Amino acid sequence: MCHKKHNECHCDYKKHNLVRASAFRANKNTPQLYKAAVTPSVKVLYQTEQFDLADEYNPHISTFIPAKDGIYEITAKVSFCPSKSKSDDSSKNKKDNCKCDYCSKNSCKCDYCRKHHSSKDKKKNSSKEGYIASISINVNGDDVDIVNDFLEKSRPIGLSVTTILQLQAGDRVQVLFSADANGEILAEASLTNFQAARFPSPM
């Protein structure tokens, strides 16, 4: 417009056509209880905002709302600790109080017990109970990318999902978590976080 070289121009035309950088990162600051029977999936809350270059992340509703159309990389992480069920305790007590099939004594250490009970224990350990947990990127109410895994019972886990999406200005991006075990989403900054950044593109 002013016929000057791009790096020498300071007119309003150049100023108004700059695209502001877009990136944010937020962490979880308080644990979040999860009950599988009550809410099959929950929105993960990331309340602590580390940075937000274009004021596009709302920590009060844990939602990223891009101000510009573009290509975005989005990453979310969740750390989850399942609750210890009563069935775990009962199974432990049964194991401690089991009777020998041969002499009917409790906690017997005879040759028969060692031979037969040890093989039974191996079979039990080879088929450990577990639970399924998943984390997903949700845009305007629809899951667009999801990661799930089958995990050992009573074992804390970490799940993460990363995707690249074409977003429109005003889209609402959230993180959902689900599992078939009760527990707690942990407030670990390095393990439970939500972040996004826009790629340079002609959009």
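Predicted model: local features only at pLDDT ≥ 70, side-chain atom pairs only at ≥ 80, totals over all residues.

**Entry 1: the core**

I began with the largest nonpolar core, which holds 33 residues, and found that Tyr46, Phe64, Ile74, Ile137, Phe177 and Phe194 touch the most other members. For my own reference, a nonpolar core is a set of buried Ala, Val, Leu, Ile, Met, Phe, Trp, Tyr and Cys residues joined through side-chain atoms within 4.5 Å.

Residues are numbered from 1 along each chain as its sequence is written, and side-chain values use heavy atoms, with hydrogens and water left out.

**Entry 2: the whole chain**

I looked up the secondary structure and got 3 helices and 13 strands; helices (H or I, at least four residues) and strands (E, at least two) are DSSP runs, numbered from the N terminus. Of the 203 residues, 33% count as buried, where buried means under 20% relative accessible area, exposed over 50%, and partly exposed in between (1.4 Å probe, protein chains only). The accessible surface comes to about 13000 Å², and carbon and sulfur atoms own 51% of that (Shrake-Rupley method, 1.4 Å probe; for residues, only the protein chains shown count as cover). I also looked at contacts, meaning heavy atoms within 4.5 Å: among those between residues at least 6 apart in sequence, 71% join residues at least 24 apart.

**Entry 3: aromatic rings**

How many aromatic pairs are there? I counted rings of Phe, Tyr and Trp (its six-membered ring) as paired if their centres lie within 6.5 Å, with planes under 30 degrees apart called stacked, over 60 edge-to-face and the rest tilted. By this rule the count is 10. Phe24 and Tyr57 are a stacked pair, 4.5 Å centre to centre with 10° between the planes. They sit 33 residues apart, Phe24 in S1 (residues 23-27) and Tyr57 in S5 (residues 57-58), and so the pair links distant parts of the chain. Phe24 is buried at 1% relative accessible area, and Tyr57 is buried at 4%.

Tyr34 in S2 (residues 32-34) and Phe80 in S7 (residues 70-82) are 46 residues apart. Both Tyr34 and Phe80 are buried. Ring pairs also join Phe24, Tyr46, Tyr57, Phe64, Tyr72 and Phe194 into a cluster.

Leaving aside neighbours within four places in sequence, I found Phe64 in contact with residues including Phe24, Tyr57, Tyr72, Leu167, Val173, Phe194 and Ala196. Asn27 lies in S1 and is buried at 6% relative accessibility. With the neighbours within four places left out again, Asn27 contacts Tyr46, Gln47, Thr48, Gln50, Ala189, Thr192 and Asn193.

**Entry 4: positive phi**

Asp55 has a positive phi near 55° and sits in the loop between S4 (48-52) and S5. Is Asp55 buried or exposed? Asp55 is exposed, at 67% relative accessible area. Ser62 has a positive phi near 50° and sits in the loop between S5 and S6 (63-64). Ser62 counts as buried, at 1% relative accessibility.
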